[in-house]
Amino acid sequence: KYIPELKRRLSPEKPFGIGLRLSAKAADDLLTGDRIDEFKNWLQHEGLYVFTINGFPFGSFHGTKVKELVYEPDWSRPERVRYSLNLANILSRLLPEGSEGSISTSPLSYKFRKEADSGLFKMKDKAQLHNLYQESARNLAYVAFNLAQIRKETGIYVHLDIEPEPDCVLENCDETVAFFSKHLFPNGSRYLIHEHQLSAAEAEKILRDHIQVCYDTCHFAVEYEHPEVVLDTFKQTGIGIGKLQISSALKVPLSEQIQDRKKTARRLRSFVESTYLHQVVERRNDGSFHQYRDLPEALPHILNPKAREWRIHFHIPVFTDTFDGLHSTRDDIVNCLDILKKQPYTRHLEIETYTWDVMPVGLKTNLLDSIEREIRWTLGNFES
C-alpha cells in the first residue's frame, strides 16, 4: 500500500530497500506454492529489494495484545529454530546473488516466566538460566551451520542478529558479551565440531559470521548505555553488528517539584496502551537503576524522591526530539550515525518505529508522510 509511493518520493531513479516483518504463519504461507516467486516479481517490477527481515515477533504484532507474548517461543524451543530457518530461506531467495541479508531475532528469552498460581516471576535460578544458555547456544549453532550452507551453495550471505532488549535475558552489553563469549562461541563450536566434523577454527568462524548483534538505538538508550562504548566493546570481543535499528525512546527527566512530576505523569498516561510492553528504567540520585516491567506499573512510583530520570521503551518518531514537555533519546541515533561514518560497523540500517497505531494524537500526521519524514531525517543526518 505505501512502499511504491515512498519509492516514488524518495528514490525514483534507483532501487529502494525495504525490510519485512513476517510472522511464522506468514513465512509458511510465503513458502507455499509459487507465492515467493510472485512476490519477487512484484519487487522487481516496482524497483524494490528486500535486504532485512524482522524475525523477533513469532506471532501477531499489530492490532492485538502482544505484551510479553512477543518473546515466545524462546531460543530453547524448536519452533523458534524452524521459524528462523524459514526466514533465512525466504531472504536467500529474495536477495540478489552475492549480496548480504540480515534477520533480527529475540534475545533468547524474557527474564520473567508465567506460572498459573503465582503469575509472573523473574528467572533467577542459575540452573534454569544455564540450561537456557546451553540450549540456545546449540540451536543458534544449528541455524548458523544452515546459513553457512546457504552461503556455500548460493553465494548469499545471511546472518542472524540477536537484538538485546530491556527485561530480556540479554538486555545490555555486558549480558550479550557474556553469552557470546561464555556460551555461544565455546558451546556452539563444540556442537559444530561434534555434529559436522569441523575444525575449531571453522566452527568459530561460522558462528562469528552468522550470529551477530542487532543494535537497537532505543533499547540501548533505555539501558543508559553509550553507543561508542557498546560498539567498541563488541568490536574488541569480535562480535559483529549485523544491523542497526534506528529508533527513539522516551526520555523523562524528573523535577524535584511534586507538581511538575504530577504534570509529567498526566502527560505519560497518553502513552499507556494495551498492545506492547513499555519497559521503564529509572535512574536514581545515587546513580543506581530500578526497572519496571511496563509503564502502568511505573506510574504510581513517579513521585519517589530517589528517582531522577525515566527512560521508556516506547518507540516515538525519530524526527521529533520533544513532545508535550517530554523528550526523546534521539541524540543516541545521531551519535550512532556519526560513529558509522567513521567506522562502518554494519551496512544495514533499518528505521524501526512500529508504534504508529498506538501513539498519542499529535505525534503523527498520516502514516505515509510520517514514514517519509523519518527516512528523510535519517538520510539527512547520515549523509551530512
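**Entry 1: Leu129**

I began with Leu129, which is buried, with a relative accessible area of 18%; I use buried for under 20% relative accessible area, exposed for over 50% and partly exposed for what falls in between, with a 1.4 Å probe and protein chains only. The model I am reading is predicted, so to speak of a local feature I need pLDDT of at least 70, and for side-chain atom pairs pLDDT 80 or more, while totals for chains, interfaces and linings use all residues. I number residues from 1 along each chain as its sequence is written, and side-chain values use heavy atoms, with hydrogens and water left out. I placed Leu129 in helix α5; helices (H or I, at least four residues) and strands (E, at least two) are DSSP runs, numbered from the N terminus. I also looked up Lys111, which stands 18 residues from Leu129 along the chain, and found 9.4 Å between the two C-alpha atoms.

**Entry 2: the nonpolar cores**

I then turned to the nonpolar cores, each a set of buried Ala, Val, Leu, Ile, Met, Phe, Trp, Tyr and Cys residues joined through side-chain atoms within 4.5 Å. The largest has 112 residues, and Phe179 and Trp310 have the most contacts inside it. Helix α5, residues 126–154, gives this core its largest share, 12 residues. Apart from it I noted another core of 5 residues, including Cys218, Val222, Tyr224 and Val281.

I found His183 in helix α6, residues 173–196, and I count His183 as buried because its relative accessibility is 13%. Leaving aside neighbours within four places in sequence, His183 is in contact with His130, Tyr133, Gln134, Ala137, Ala178 and Gly188, where contact means heavy atoms within 4.5 Å. In helix α7, residues 200–210, I listed Ala203, Ile206, Leu207, Asp209 and His210 as buried, and the buried residues of α7 pack against α5, β6, α6 and β7 (211–216).

**Entry 3: His159**

In strand β6, residues 157–162, I looked up His159, which counts as buried because its relative accessibility is 0%. The side chain of His159 makes a polar contact of 2.6 Å with that of Glu100 and one of 2.9 Å with the side chain of Asp161. By polar contact I mean a pair of N or O atoms within 3.5 Å; within protein, one must be able to donate a hydrogen and the other to accept it, and residues adjacent in sequence count only if both atoms are side-chain atoms. Not counting residues up to four places away in sequence, His159 touches several others, among them Asp209 and His210, which are also listed among the buried residues of α7.

**Entry 4: the largest pocket**

A pocket, on a 1 Å grid over the protein atoms alone, is an open set of points with protein on both sides within 12 Å along at least five of seven lines, and lining residues have an atom within 4 Å of a point; points are joined across faces, edges and corners, and the volume is the space filled by probe spheres set on them. I noted 46 lining residues, of which Gly17, Ile18, Gly19, Glu350 and Ile351 lie nearest the centre of the pocket. Helix α13 supplies the largest share of this lining, 8 residues.

Technical notes. 1 Å grid on protein atoms, 1.4 Å probe; cavity = no way out; pocket = protein on both sides within 12 Å on 5 of 7 lines; lining within 4 Å.
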